[in-house]
Amino acid sequence: MDIKFKRLVDCIIQESVNVWNRGFEGYFVPIDMSADMFVQRLINEGLSMEHSIVAFDNEKPVAIVLNGFRTVNEKKISWNGGTGVAMEYRGTGVSKLLMEETIKIYAEESTDVATLEAIKQNEKAIRLYEKYGYKVIGNLVYLSGNPEIQLNNTQTIRSRTIRPEQLPSYAFHSENVPWQCQWQSVKQGEAQVYYNEEDNPIGYSLYRKSWNQEGKLDKVFLFQIELFEEVSESLVGSILSSITGQEGNSVNFITINASENNPVIQYFIKNGFKITTEQVQMVKYL
């Protein structure tokens, strides 16, 4: 085995897609991608072709790491957007070489904090990350639910719909969220800020809507939802109504990498939302 690394920008796209799909073969969550999907993900999530790497055994691509960089709260943050090793190369030490090369890139880029998420059941990967200085700082969940929204029972609130790029201009907005939930990854979505009858801010959300072939809203992907007062059925109902602009239980709400400690997430779980995926949030301070 003779492992060498190339930057993604120097690789053929289809070659990179193939090694990605091989790298996640038999994984906990299926993430097989076409070339179009792969390129779109790089763009949407701000991943860097210049700083992502593909490992080759001689001329054969066998593993991949996707990396991205952002400045958040005046600190340079990196994100490992996926580490995949072809099945026949797992357990051969390639994962360790990938981590060493990746951390070397982070150091070259003067990264302050390295971040990633790992499937909670993937204990082997979590142990590897911990070996290289990452620590678990929280648990994240993907939820799915079709809540019944009764407009006549909802709380009186005022909502203001804004662009995701405008969220950081609000002092109460927190940028301390997983990479995929940051506004930079949801530029094709929308955001709302909520106010009570006294015109005081009581929360905000960041989401993206999806319509079916009949042109009806059928999914809402929630990337952020934060409330500054006690969570109640009427308040949550008002917010979900504001997002959908309709009542009924035909719309599927899906949370993305939401902190399980968030009171709204706890409310969803207690009221019928199903956990579809659990992850751990990990950071390494460089």
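Rings of Phe, Tyr and Trp (its six-membered ring) count as a pair if their centres lie within 6.5 Å, and the pair is called stacked when the planes are under 30 degrees apart, edge-to-face when they are over 60, and tilted for the rest. The legends below describe a predicted model, in which local features need pLDDT of at least 70 and side-chain atom pairs count only at pLDDT 80 or more, while totals for chains, interfaces and linings use all residues. Residues are numbered from 1 along each chain as its sequence is written, and side-chain values use heavy atoms, with hydrogens and water left out.

**View 1. Aromatic residues and the buried side of helix α1.** W20, F24, Y27, F28 and F38 form one aromatic cluster. Helices (H or I, at least four residues) and strands (E, at least two) are DSSP runs, numbered from the N terminus, and helix α1 spans residues 13-23. Its buried residues, where buried means under 20% relative accessible area, exposed over 50% and partly exposed in between (1.4 Å probe, protein chains only), are S16, V17, V19, W20, N21 and G23. An α-helix has 3.6 residues a turn, so residues three or four places apart point the same way. Contact means heavy atoms within 4.5 Å, and what covers the buried residues of α1 includes α2 (35-44), β2 (47-57), β3 (60-72) and β4 (75-85).

**View 2. The rings of W79 and W179.** The structure has 13 aromatic pairs by the ring rule. In the pair of W79 and W179, the ring centres are 5.5 Å apart and the planes stand at 15°, so the pair is stacked. A charge sits over a ring if NZ of Lys or CZ of Arg is within 6 Å of the ring centre and within 35 degrees of the ring normal, and the charged end of R70 sits over the ring of W179, 3.9 Å from its centre.

**View 3. Salt bridges between parts of the chain.** Side chains of opposite charge can pair when their charged atoms come close. A salt bridge is a side-chain nitrogen of Lys or Arg within 4 Å of a carboxyl oxygen of Asp or Glu, and the structure holds 10 of these salt bridges. K76 forms one with E109, and the closest N and O atoms of this pair are 3.4 Å apart. K76 lies in strand β4 and E109 in the loop between α3 (94-108) and β5 (113-119), so the pair ties together parts that are 33 residues apart in sequence. K76 counts as partly exposed at 26% relative accessibility, and E109 is also partly exposed, with a relative accessible area of 24%.

View 4. K120 forms a salt bridge with E278, with the closest N and O atoms 3.8 Å apart. This pair links distant parts of the chain, since K120 is in the loop between β5 and α4 (123-131) and E278 in strand β12 (residues 274-285), 158 residues apart. K120 is partly exposed at 35% relative accessibility, and E278 is partly exposed with a relative accessible area of 26%. E165 forms a salt bridge with R163, the closest N and O atoms being 3.4 Å apart.

**View 5. Strand β11 and its neighbours.** Seven of the eight residues of strand β11 (residues 252-259) are buried, so this strand is largely enclosed by the rest of the structure. Two strands pair if DSSP finds at least two bridges between them. Strand β6 (residues 135-145) pairs with β11 in the antiparallel sense over five bridges, and the bridge partner of V141 in β11 is A258. Strand β10 (residues 217-227) pairs with β11 in the parallel sense over four bridges, and here F221 has I254 as its bridge partner in β11. The ring of F221 also has the charged end of R208 over it, 5.4 Å from the ring centre.

**View 6. Two loop residues with positive phi.** Most residues other than glycine have a negative phi, and most peptide bonds are trans. N58, in the loop between β2 and β3, has a positive phi near 60°, and this residue is exposed, with a relative accessible area of 52%. D199, in the loop between β8 (190-195) and β9 (201-211), has a positive phi near 70°, and D199 is partly exposed at a relative accessible area of 44%.
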